[in-house]
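Below are some notes on the sheet and on a helix pair. Please read them against the model.

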Amino acid sequence: MTSNRHFDINATQVWAKLHQHQRATRHLLMRDLFAADVQRFQHFSLELDGLLLDYSKNRITERTLALLFELAQVADLSGWMQQLRQGSRINVSENRAVLHTALRLPASEQLCLDGRDVVPEIQAVLSRMQRFSEQIRCGEWQGFTGEPIRDVVNLGIGGSDLGPLLVKEALAPYAQSNLNVHFVSNVDGQHLAQTLQGLNPATTLFIIASKSFTTPETLLNAQAARQWFLQAGSTADIAQHFVAVSTNLAAVKAFGIDPAYMFGFWDWVGGRYSVWSAIGLPVMLAVGAEHFRAFLQGAYAMDQHFFRAPFAANMPVLLALIGIWYNTFYRAHTHAIMPYDHGLRRLPAYIQQLDMESNGKRVGRYGELLDFDTGPIIWGEEGANSQHAFFQLLHQGTRLVPCDFIIPMNSHYPLGEQHQVLVANCLAQTEALMRGKSEAEVMQELAALSGEQLDMLLPHKLFPGNQPSNTLALSKVTPYTLGMLLALYEHKVFVQGIIWGINSFDQWGVEYGKQLARRILPELSTASAAACKHDSSTNGLIRFFREQQHDGYQ
Ligand code: F6P
């Protein structure tokens, strides 16, 4: 099946059966399903190493799952999983292998790509990262005045920012207190300028993180950082203050960084899958090598589970299939991610890139137009803040919004009853979304009212319920459980891509805007005489920009 270039999943019998099943079951109420099966939680939940997935609050029955597993079989999911595991060139449009799982293999394993074991190379980079981060952390690595490094600034965007930023924040309780790690991603000068305010060039280290080392946002920030540094230090001091993480040795050298201070990775690691590689250097600097390795071990445990567990007991497969049930068969447009953990507040942004850059595609792997709905719009915000922002729409709006709630059972900061209150809020939301509130229940609450007053209030107080959610409960946010969690989402996205027939590892959709920005840039100059040859809106905006440049932008 894997090699069949014209395989149409939507032409299969099981696809039609799923549509039929959706029509037949869409009126089922989850509250009735819970009433009919008091063991529903036991039947629809799964635990692995302190990570519990409760998927019982979904509009699914045993039959739904059976059909979805059949869909996975028809799509030859097992065959594709095998290809992922062994690093086949499944990124067909870029003719690249996909092998980010190799980054978390233990040193004792072997994995050959084009006849060469990649594990020793991965381990060698990890060891270099470890040596470097230990030197920085213990103060042995000194800046140009002989002082230890106090601030690290990671300059990178997309996958070279979102992963390490999320992990560094989530693992803040493990961080060394005398080293501050900052992240600058945006080409908007505010980001770098505000970050550098108050930093001392003599005690600051910059990591230029870019897989391609061609991303303009990152390179402009790197140049600006170098200028800032050179106001205090000299070119000879750059080696102590600038290192690079990249796959592009030539460009790193051209920028003026000594290859001895470059930490490499490989083209078989996609940007959004790269936090496990040298892109994780800022994390290792913040929390130390031991914790970074535990993070990799957590991901490895999830990989093993994913590659070995049967579909019916496989967390990523279950999450993916339930997602497909809503995206494709219910035509839900979005999927919300709600981490009830302040340290995980950047998780929605991280999953946005992971999911939307991977599966936000309307053509299949071989260029064929897909006539069904694929990757959802991912959005979300940390709880409990999100409850006071957009939960109104989730409870009483007109849209179907499947949600993931992520919550640790233990907090690193046990202040009074605060964690219990947070947990209570999270669980209450999933319960309310599932149950809803019926007319009889509202009438009971409004027993003191009657007549017009009751008629007026009643509809406003009703909750239709039947809003689906998954709950991912972690024993605690540790490097290990965090590694499991992120690998879980990676594999979920992979499974969905396979079933939809998408290449989840390219991102051509981000190229066009970059191309046009290169064309528009010179036209912004007030000195530019060239007539703008865009649509009238873009022309008008360019002209307005020129007019507004009172200080002159030459
Ligand atoms: O936004 C497109 C993209 O190519 C992402 O896939 C990637 O994570 C990001 O840009 C940054 O790329 P690089 O690490 O090469 O600078």
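1. Strands are DSSP runs of E of at least two residues, helices runs of H or I of at least four, both numbered from the N terminus; two strands pair if DSSP finds at least two bridges between them.

2. The model is predicted: local features need pLDDT of at least 70, side-chain atom pairs count only at pLDDT 80 or more, and totals for chains, interfaces and linings use all residues. Residues are numbered from 1 along each chain as its sequence is written, and side-chain values use heavy atoms, leaving out hydrogens and water.

3. Strand 5 (residues 151-155) runs parallel to strand 6 and is joined to it by five bridges. Val181 in strand 6 is the bridge partner of Val152.

4. Angles run from 0 to 180 degrees between N-to-C directions, with axes fitted to C-alpha atoms, for helices over the stretch in contact; contact means heavy atoms within 4.5 Å.

5. Helix 7 (residues 162-170) packs with helix 15 (residues 347-359) at about 155°, the axes being 9 Å apart. The two are therefore roughly antiparallel (angles over 145 degrees). Leu162, Gly163 and Leu166 of helix 7 meet Leu347, Ala349, Tyr350 and Gln353 of helix 15 in this contact.

Conventions:
Parallel < 35°, antiparallel > 145°, perpendicular 65-115°, else oblique.
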